[in-house]
2 protein chains.
Amino acid sequence: MNSLTEIAGVLRNSRKVILCGHVMPDGDCLGSVAALGAALEQMGKDVTLASPDPVPEIYGFLPVMGKFLIGEKPLSGEYDTFIILDCSVPERLGKLKSLLERDMVFVNIDHHKGPGDFAGYNYIDDSAAATGEIVMDLIDLLNAGITGDIAVSLYVALSTDTGSFQYENTTPGTLKKAARLMEAGIHSTWININLYEERPLVILRVMEKALENMEISPCGKVAWTSIDKSTLNSMAARDEHTDGLINIVRTIKGVEIAIFFREITSGKFKVSFRSKSRVDVRLLAGKFGGGGHVRASGCVLEGDVDGIKKMVVAAALKEI
Amino acid sequence: MNSLTEIAGVLRNSRKVILCGHVMPDGDCLGSVAALGAALEQMGKDVTLASPDPVPEIYGFLPVMGKFLIGEKPLSGEYDTFIILDCSVPERLGKLKSLLERDMVFVNIDHHKGPGDFAGYNYIDDSAAATGEIVMDLIDLLNAGITGDIAVSLYVALSTDTGSFQYENTTPGTLKKAARLMEAGIHSTWININLYEERPLVILRVMEKALENMEISPCGKVAWTSIDKSTLNSMAARDEHTDGLINIVRTIKGVEIAIFFREITSGKFKVSFRSKSRVDVRLLAGKFGGGGHVRASGCVLEGDVDGIKKMVVAAALKEI
């Protein structure tokens, strides 16, 4: 691994830079790309912001998101440096992975634990709550100023990857960085409203239905709910409108495993798992051919909804 | 108004101190009472922690909450100093208001805008995100140490009154204070799980009902919901189980004012207001004899529920 000072040295010598995050982009990778890109522009570099997948609607309030080249579009350009942000493995570059076959300098900056040394220059710090934290330190090393635009992008990165400074990854340093970003003159209320308080009405209607369908095991440690396709259709709800519903189930006192059954097509269900603090739900999903992380995983099952629920809940109860 | 240094001087001379927050206590008043109480105990004072109403179950994870004397119980004690925290008016002291008739020193510390000069010594700072922020400065002035117990109480105060550092009242100073509390060695993940991810099942059942009763104005800028007493009784739900429901209504895209009508006793309603970013709902509550903050206020109204809703929603629409 290289030091962040070495990375800064490499970037000072770059001229035509492309920056990219991972597939299915989130606030941390988009904010990190936008912030570091703006800093390099300040330094007179020719900068291209890229993303293998489109920017989700929720980040549309940030003007800079309109500057991202999406999918294979950036492949037609010529660059001397490729900065890869928040990607644990090259596969997470999706359509832009082929850039790694070109003859240029590769810089990989990430906070995910893993091998992470796939580029020429690598800086991985899994104690950082977000890649945005590392980018902020790097911008300081580059002696670029934290402008208002950069501060907004970095605040989005920090806030979204820490669940608004609630998750385990949040450190005193994270909060101090957020304080400094606020001092740079950002309107954090405007950012937070756009990130957390502008939900389409249909999300609350789907939530009502999910609460109505919610069940809990006699021991109180497993809770689950479901939404069928016809209900979603009748509300003109899209899949993205069910995002986060499972977290509501997890917030029940005493519940360790939350499960959400969402009908994708008739008789085919996306089953999502979340655990609070003990159970490894990656193993649970694995029993049904799925996978994921320790606290968040999923699988796809086909059949009769009641049969699927019975089988999956029984397996979850065995993990308790 | 007095300076915080003057307040510190008064407290240095106190011997038998009672501290109390407001009726229907929240994380800020409970955390502030607990933290300042612990600091004064460090200084060798005889300290009584009090609350006019019981401590909500959600704060039960904090061992110090078991030390609070509830309702009229503390009235049998003798004190030389009464510290009132987070109470905008004496009426918010509920069953403990009669303490103000005694012959002792009264100290009032608050972050709510208002007359606020009802005590002998008053310190009001409405730029503070939480009364806990003022208490933290005061503890520093008293040269008492921020112990682990004090840090936990203050973190609860700051986090709950800022919606986990999201609301408009959050300043760079709030985040720096939270960072310092983390550095004092608190386990913030444990606090956050207990505050936000251990909700009694009944809260989700009340939420389901509130979503079912939710209405939105044709312009989409005002949304409201209600819960009647018989529904709450049938679920064995207490008042505290309706806390935060209004915030869900506010998160609807396009909604500027959220209103929640909760029946306290037959025909008597607590009406709560929240605004997103423009409307001063303190003025709105003021029209009905209530008060509060710019973004969060409330009042109490008696009469027919439909009539009250019509009147209040019409007044809210006028503010848009």
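How many salt bridges does a search of the whole structure find over all chains? The search returns 35, a salt bridge being a side-chain nitrogen of Lys or Arg within 4 Å of a carboxyl oxygen of Asp or Glu. The model is predicted, so local features need pLDDT of at least 70 and side-chain atom pairs count only at pLDDT 80 or more, whereas totals for chains, interfaces and linings use all residues. Residues are numbered from 1 along each chain as its sequence is written, chains are lettered from A in the order in which they are written, and side-chain values use heavy atoms, without hydrogens and water.

One salt bridge lies within chain B. B:E133 pairs with B:K177, with the closest N and O atoms 3.4 Å apart. B:E133 sits in helix α3 (residues 131-141) and B:K177 in helix α5 of chain B, so the pair ties together parts 44 residues apart in sequence. Helices are DSSP runs of H or I, at least four residues long, numbered from the N terminus.

The interface comes next. Contact (heavy atoms within 4.5 Å) links 41 residues of chain B with 39 residues of chain A. Together the chains bury about 4,000 Å², 59% of it on carbon and sulfur atoms; this is the accessible area (1.4 Å probe) lost on putting the two parts together, summed over both. The rule finds 7 salt bridges across this interface. B:K176 and A:E183 form a salt bridge through their side chains, at 2.6 Å from N to O. On chain B, α5 (172-183), α6 (188-196), α7 (201-212) and α9 (245-250) each supply at least two residues of the side touching chain A. That side comprises 19 nonpolar, 9 polar and 13 charged residues. Here Ala, Val, Leu, Ile, Met, Phe, Trp, Tyr, Cys and Pro count as nonpolar, Asp, Glu, Lys and Arg as charged, and the others, Gly among them, as polar.

The same surface serves both copies, as 95% of the contact residues of chain B recur in chain A.
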